[in-house]
Amino acid sequence: MFNRLASCTRLPARIRLLNHVSSTSSRGFSQAKFVLPRPHGKSFAHRSELKQAKRIVVKLGSAVVTRGDECGLALGRLASIVEQVAMLQNQGREMMIVTSGAVAFGKQRLRHEILLSQSVRQALHSGQNQLKDMSVPVLEARACAAAGQSGLMALYEAMFTQYSICTAQILVTNLDFHDEQKRRNLNSTLHELLRMNIVPIINTNDAVVPPPVPNSDLQGVNVISIKDNDSLAARLAVEMKADLLIALSDVQGLYDSPPGTDDAKLIDIFYPGDQQSITYGTKSRVGIGGMEAKVKAALWALQGGTSVIIANGTDPKVTGHVITDIVDGKKIGTFFSEVKPAGPTVEQQTEMARHAGRALASLLPEERGEIICCLAELLTEKKDEILSANRKDMELATATGRLSQPLISRLSLSTAKLNSLAIGLRQLAASSRNSVGRVLRRTKVANNLELEQITVPIGVLLVIFESRPDCLPQVSALAIASGNALLLKGGKEASNTNKILHQLTQEALSIHGVADAIQLVSTREEVEDLCRLDKLIDLIIPRGSSQLVRDIQRAAKGIPVLGHSEGVCHVYVDVDASVDKAIDVVKDSKCDYPAACNAMETLLIHRDLLRTPMFDQIIDLLRAEQVKVHAGPRFASYLTFSPSEVKSLRTEYGDLECCIEVVDSMQDAVDHIHKYGSSHTDVIVTENENTAEQFLQQVDSACVFWNASSRFADGYRFGLGMWSHTMTVQDYQDLIDRGWRRSGKYVYKPTLKKTCCPQYTIRCHAQKFQPSKSHKKVLKKMSKFISQGELPIGREDEEPMDSVWSEAGPREPTKACQSDVTCADITDIHQEVPKCPPVVEVQEELGDSSASSSESSRKDPVYLPKPGKGADPNRPPCRKAKDLRKERRLQKDQIRQHADVPNPNPTRSNQPKSLEDFIRESLGDDASHQLEVRLVRSNPPSPQFKASFDASYQVYKLYQMAIHKDPPHKPSESQFRRFLCDSPLEAESSPDGPEVGYGSFHQQYWLDGRIVAVGVIDILPTCVSSVYLYYHPDFASLSLGSYSALREIAFTRQLQKQSPKLSYYYLGFYIHSCPKMRYKGQYRPADLLCPETYAWVPIERCVTRLDNSHYARLNQDPDAGDALALKDVGRVLVLYRRTVMPYAAYTRKRKGPSDEATVQQYAGLVGQDCAERILLFRS
């Protein structure tokens, strides 16, 4: 053996090699990342264990080392492989190479020599004309090997020298393994070379091997035939007890059928006994082995305790890192393993999900909703099992200490979280009906030929989430609603919780036979490997840190990634900020849920606020809430002893930590946000409206808030709205009949399916209305006050009319006003205001009504008992009013019976009083107080409205402070104008309409010459719509909310006499899920608006459905639909560059990205008719 080694190697080079070993091996080990050897005898079970491989054999097939023309070596490819082997060698691993290529290298040299000699001889004897007829004879493989072996070795030596790695050449034949002595010598030589940090390069000695069996492969000049190195590599790996054999070829790995066929699939893991499941094709373009030989060799090595991977070494996309990626455990090629997993592979799971996902998409919407509702029920029924599994994960996470506190907070589940999840899932179930198969656009291409664009599922989604197990049911429900198959990869820290949640999800799916549509990847699959399944996965959605999103986007080359922004949110406290608002906004933004993406991470403080009581209170708040503060560079410069200076101003802490930085102005704050923010959510706290407006306009973020917490940036909290510059009353009538409402010029429509408290538009049939007992009580109370002059003692429970702020958007997070509200006297402006005509009904009532009070104004003396003595013994015991009424009824019956007189014919005196009768009782001329109701137009403002503006605003301000606990600075005059005076409705009149016309009005309640209450109303073609009510707090005990509603119903009746179609009174929104907001349902008969078909449904038929579900399709006709649904988006009218045009024309003129989705959403919400009348502004 040693003789052959000496004869096949150049002696001077060998001497230099041995001298070079001592000088370079120490350098190699000094840079090493040592890998400890493992006991040999059992192969690795999983790819992730390949990182532990100490001794590695790399087999280079003929197709890998040769060029495409099969004559010469692929130098670039070979250099890349050498670099990877050197890198692993310098990490402390022991690398060996089994290589082909000597025949190819020798063939190149011999062809060159033959052609050169032939050309010279023929040129001398035959002339140039015969050069073209030269032919190269068939070259014998052994001669080629003899000629190319030394050159191949010299090439390897030169390449490895660049990395300070020594090499040694060993040539073997099959006989060397048959002779025991030679086999021991070979083993000893290889061990000695590995000990000296030398890379052995081993090849078959093709110069002396017996000639192969003749076949067609040796007949052509361009065909190279060499001995099989697959079996040689396997034999050496076993002999040397190698941990890993990497066999590089010209295919991706092992396929279940010949590569290139339609059904061929790459086998990720191959197990012994699977040979029968694959079909072998022809061998490669060079070599004599073929895939069958590789599989037999690999299985033989696997049986000997060496793990094997067959991979592609010729693909230019992976050649530069194929070996290192395999050692890192990445999914490349086919991995041979003796351990077969219990469950399916991830590829099989994806196939199962895709198949079941198609069945899920074909289910009826109601069936998908049933699955989601079933999952919601299981979350509450199985909460004990879920929380038990979650406790195991929490205990393990706490014990290991690998998770930070924010991640542990996200990992934790509670009963409240599960209940909230269940509520959200039920809401989603109600909205899943239109997720799949909804027609977005329908185009008539030709006669009897229509083209439809409809919503369809995406396919298979891969959702990767970190330590948030509550994400699993949320994402699963969304996938079910949209008909998508789902592959879930959760963090191992939540494995127990994820497992039970996935079981419940599949249990819910099984009710319709689609349990496999959602799969949980529980194998040791690396995320990067999952991102390579571009043939199986259609979309990747990472749910986690920004680092996770970036890693996924980098790893997923052929699959779209739906990433999200990190949440570096800012709160800027301006110099004009309110102390209370600043405290509330900072506290809620940072401390409510610090792990959320919309939590505050950086607090910007105006420089002038430093060392002020406001700044001290903010710091005290953060200290009390145990928030760790990091100082920004400028903030640290102001302090002698500052907190730890922030490492980066772009940090998303996700915990009770934040950065404080100082800015010089609002513009400085905007610049800071643009430089360090993530364009998520940013907030300004100020009382300066101009400063706020500039901040709102300049900050380029998805959400920009003024005096509101950053936590408000939540999809469930947002509705749909638009600003309306001008609108006809018919336009607005059509809009409110589709669930819209206005607040000033802002017109909005709540998203009923996305809120925990759906708001249904409610209307009352004014002509059929009969006051209830509680309504009569309110009317009598007012009548008694006007006639006798005394306010009721104490405040009755109020039924306030709609608040535009509670419906249209967030209220600023403020505390209740701490100071007592002092209600200043209201100036009597009765003489200053030009006399405006009161409402028609009032004029008629004043003319023919008189005071009708049966009670005497005289008061009997009252003897009060002394405190603590109990009931007054001088007075009879108290009796219930109900009992007294029964007693009086019995007495009347007895008197009638004794008189033995038949009942007289019914007269008006014994008929029930009408609403107008009760109102008329309070309008007598001789009453103690005089109440007058005046109707003044607010838009455009009438002279009467302008004259009474200040008095009306003062009442509004007192109301907001006392009833809604607003601080004095909040109910500003500009806010009052914006929300209660400005209106998009045009003033209109019609011959068959009411005398006062249509539009927006204030209905003022004047008591003894001063305004005590104002009802904001809109008079529309078919209704009077209540917008808002405010009143003086001194008169809260009169139940003015209910009283004004009753007066507005009576007013609607009066207008109906002038305009017959005006017969309804709209009360705003009815909220059944909130018991305190059900009072509007007492104004009967009443209808609720179906949120899907926009048909009116009697409230009696809705109550049962709303008791069962917060959101419900009120129209019980399953075939009913939206009669005014969007049919043609091209006919939507838009205003573009001061020109009115249909949307179809606008799309031809407009440049830039398409906004069709936005316009379709708008038109679908307002309806086709309104979309063709109202101009949508486009810039």
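Predicted model: local features only at pLDDT ≥ 70, side-chain atom pairs only at ≥ 80, totals over all residues.
How much space lies in the second largest pocket? The answer is about 1600 Å³.

The lining of the second largest pocket comprises 41 residues. Those that lie nearest its centre are L266, K331, E347, R532 and L533.

Let me move to the eight-stranded sheet. It is open, its pairing is mixed, and the order of its 8 strands is β25-β26-β27-β28-β29-β24-β30-β31. The edges are held by β25 (931–939) and β31 (1096–1098); each has a single partner strand, so one side of each has no neighbour in the sheet. From one strand to the next the twist averages 35 degrees. Helix α33, residues 949–962, packs on this sheet and touches β26 (999–1007), β27 (1010–1019) and β28 (1023–1031). The direction of α33 makes about 70 degrees with that of β28.

Strands of a sheet pair through backbone hydrogen bonds, in either the parallel or the antiparallel sense. β24, residues 760–765, pairs with β29 (residues 1064–1070) in the antiparallel sense over 6 bridges, and H765 has Y1064 as its bridge partner there. With β30 (residues 1086–1089), β24 again pairs in the antiparallel sense, over 3 bridges. On that side, I762 is partnered by L1088, and R763 by D1087.

Is β24 mostly covered or mostly uncovered? It is mostly covered, with 6 of its 6 residues buried. In a regular strand, side chains alternate between the two faces of the sheet. For β24, one side carries Y760, I762 and C764, the other carries T761, R763 and H765, and all of these are buried.

The bridge partner L1088 leads us to the largest nonpolar core. This core has 106 residues, and the members that touch the most others are L735, Y1030, Y1083, L1088 and L1114. Helix α35 (residues 1040–1058) supplies the largest share, 8 residues. Apart from this core lies another, of 42 residues, among them L379, L418, A479 and I480.

L735 belongs to helix α26, residues 729–736, which is mostly covered, with 6 of its 8 residues buried. The buried residues of α26 are V729, D731, Y732, Q733, L735 and I736. Setting aside neighbours within four places in sequence, L735 is in contact with M722, M727, W740, V747, V1166, C1170 and I1174.

A second open sheet has 3 strands in the order β33-β32-β34, also with mixed pairing. Here β33 (1139–1142) and β34 (1176–1178) stand at the edges with a single partner strand each, so one side of each lacks a neighbour in the sheet. The twist from one strand to the next averages 35 degrees. Strand β32, residues 1133–1136, is joined to β33 by 4 bridges in the antiparallel sense, and V1134 stands opposite M1141 of β33.

Most residues other than glycine have a negative phi, and most peptide bonds are trans. Where are the cis bonds? One runs from N939 to P940, with omega near -5 degrees, and P940 is found in the loop between β25 and α32 (943–947). Another runs from R1084 to P1085, also with omega near -5 degrees, and P1085 is placed in the loop between β29 and β30.

Two asparagines have positive phi values. N197, with phi near 65 degrees, is in the loop between α8 (180–195) and β4 (198–204). Its relative accessibility is 7%, so N197 counts as buried. N448, with phi of about 60 degrees, is in the loop between β9 (439–446) and β10 (449–454). At 83% relative accessibility, N448 counts as exposed.

One further loop residue is R93, placed between α4 (75–90) and β2 (94–99). R93 counts as buried because its relative accessibility is 7%. R93 and K54 are 39 residues apart in sequence, yet 4.9 Å apart in space, C-alpha to C-alpha.

Note on methods:
Residues numbered from 1 in each chain as written. Heavy atoms only, no water. Core = buried A, V, L, I, M, F, W, Y, C linked by side-chain atoms within 4.5 Å. Buried < 20%, exposed > 50% of the residue type's maximum accessible area, 1.4 Å probe, protein only. Helix = DSSP H or I, 4+ residues; strand = E, 2+ residues; numbered from the N terminus. Contact = heavy atoms within 4.5 Å. Pairing = 2+ DSSP bridges. Axes fitted to C-alpha atoms, helices over the stretch in contact; angles between N-to-C directions. 1 Å grid on protein atoms, 1.4 Å probe; cavity = no way out; pocket = protein on both sides within 12 Å on 5 of 7 lines; lining within 4 Å. Points joined across faces, edges and corners; volume = space filled by probe spheres on them.
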